[in-house]
Amino acid sequence: MTSEVWLPFDPADIDGLPEGLDYRFWDGEQDFPADPADCAFYVVPYMKSSEISVRPMAEMTSVRVVQTMSAGIDHVQPGLGLLPKGVQLCNARGVHDASTAELTLTLILSSLRGVPDFVRGQDREEWRSGFRPALADKSVLIVGYGSVGAAIEDRLAPFEVARVARVARSARETERGPVHPITALPELLPDADVVVLITPLTEQTKGLAGAGFLARMKDGALLVNVARGGVVDTKALLAELESGRIRAALDVTDPEPLPKGHPLWHAPGVLISPHVGGPTSAFLPRAKRLLVDQFHRFVNREPMRNVVLTTGA
């Protein structure tokens with residue numbers, strides 16, 4: 001039985017890799033490192049297009065595990081139907097918690113305190129003082145309360161927010177309080193000063209923050225999207241931003257990358273970062289720890305972590 005692994009990191013740079021596996025380095029280059037038919041464990045290149053990620057999958061007739069380096073799996077979904085039955089798809093839950101939570105707080109604080117305006121003022125040597133809203137005493141709604149959502153709440157704790165409301169696909173209890181089902185959004189949105197989107201992009205969440213969702217947000221509220229661009233209806237968001245009724249801080253957009261000339265670049269009250277929630281110095285150590293653990297589990301025939309689905313199931 002084949003024991004070949006494709007991974008997007010040089011195996012020489014990863015400590016603790018188990019013996020018994022044949023490691024092949026591939027980070028999306030045109031040429032494959034070996035015959036895809038011999039690959040048993042495919043680690044998808046990080047921050048590459050869906051086209052690149054999926055390209056070898058049709059030929060991976062022996063693959064048993066596909067491991068993404070992101071929490072989202074939407075970039076590999078087009079290739080799942082090409083895989084043999086019984087392949088486990090695993091995501092990188094936990095790897096990006098710290099980085100994405102850090103950026104979320106950065107976007108919230110920067111937007112509320114007017115940091116973009118300060119930077120523009122510095123470029124022009126202008127002293128732009130004034131009264132700005134604080135995060136303290138604000139109500140925050142986290143839509144998509146998984147591991148990243150919990151990490152965001154961890155970092156909100158010292159900022160003296162008035163309350164945090166949590167929403168996930170279904171209701172449950174946590175040590176911090178209840179998680180509301182997504183059906184509760186209409187009643188929760190009007191109370192939130194800050195709405196954070198960190199839900200995966202699925203058929204159910206595509207366009208979730210559409211005209212109705214945005215209309216229920218209170219005047220002056222801030223929408224923060226650190227999920228996927230497609231979770232927000234860009235046309236509906238532009239209408240709200242241009243009216244001045246709400247603001248937005250976006251690490252992801254639809255389309256992405258945002259093309260030159262797109263009206264979202266210069267919409268009032270918007271702060272845009274170029275999808276940098278995950279790629280920080282915190283990524284590699286956590287990614288390597290996950291992979292070493294997964295490879296040991298694979299060699300020892302132990303259950304994989306973070307299994308999202310099994311093909312053909």
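Student: How far apart are the mean positions of the positive and negative charges of the chain?

Tutor: This is a predicted model, so the value is computed from its atoms. The chain carries 32 positive and 39 negative charges.

Student: Why does the chain count as being as compact as a globular protein of its length?

Tutor: The secondary structure comes to 9 helices and 14 strands. For 313 residues the globule rule gives 20 Å. The chain is as compact as a globular protein of that length because its radius of gyration is close to that value, at 21 Å.

Student: What share of the contacts between residues at least 6 apart in sequence join residues at least 24 apart?

Tutor: Some context on the chain: 49% of its 313 residues count as buried, and its C-alpha trace spans about 65 × 45 × 35 Å along the principal axes. For contacts between residues at least 6 apart in sequence, the share that joins residues at least 24 apart is 62%.

Student: Is Ala40 buried or exposed?

Tutor: Ala40 lies in strand E3, residues 39-43. The cut-off for buried is under 20% relative accessible area. Ala40 has 0% relative accessibility, so it counts as buried.

Student: How many residues of E3 are buried?

Tutor: E3 is largely enclosed by the rest of the structure. That follows from the count of its buried residues, which is 5 of the 5.

Student: Which residue in E4 is the bridge partner of Phe41?

Tutor: E3 runs parallel to strand E1 (residues 4-7), joined by 3 bridges, and there Trp6 has Tyr42 of E3 as its bridge partner. E3 also runs parallel to strand E4 (residues 65-67), again with 3 bridges. In E4, the partner of Phe41 is Val65.

Student: Which residues of strand E11 point the other way from Leu222 and Val224?

Tutor: In a regular strand the side chains alternate between the two faces of the sheet. In E11 (residues 222-225), Leu222 and Val224 point one way, and all four residues named for this strand, on either side, are buried. Pointing the other way are Leu223 and Asn225.

Student: Which residue stands opposite Leu222 in E11?

Tutor: E11 pairs with strand E10 (residues 194-197) in the parallel sense, over 4 bridges. The residue opposite Leu222 is Val194.

Key. Residues are numbered from 1 along each chain as its sequence is written. This is a predicted model: local features need pLDDT of at least 70, side-chain atom pairs count only at pLDDT 80 or more; totals for chains, interfaces and linings use all residues. Side-chain values use heavy atoms; hydrogens and water are left out. Helices (H or I, at least four residues) and strands (E, at least two) are DSSP runs, numbered from the N terminus. The radius of gyration is taken over C-alpha atoms; the globule rule is 2.2 Å times the number of residues to the power 0.38. Buried means under 20% relative accessible area, exposed over 50%, partly exposed in between (1.4 Å probe, protein chains only). Contact means heavy atoms within 4.5 Å. Lys and Arg count as positive and Asp and Glu as negative; His and the chain ends are not counted. The place of a charge is taken as NZ of Lys, CZ of Arg, CG of Asp or CD of Glu. Two strands pair if DSSP finds at least two bridges between them.
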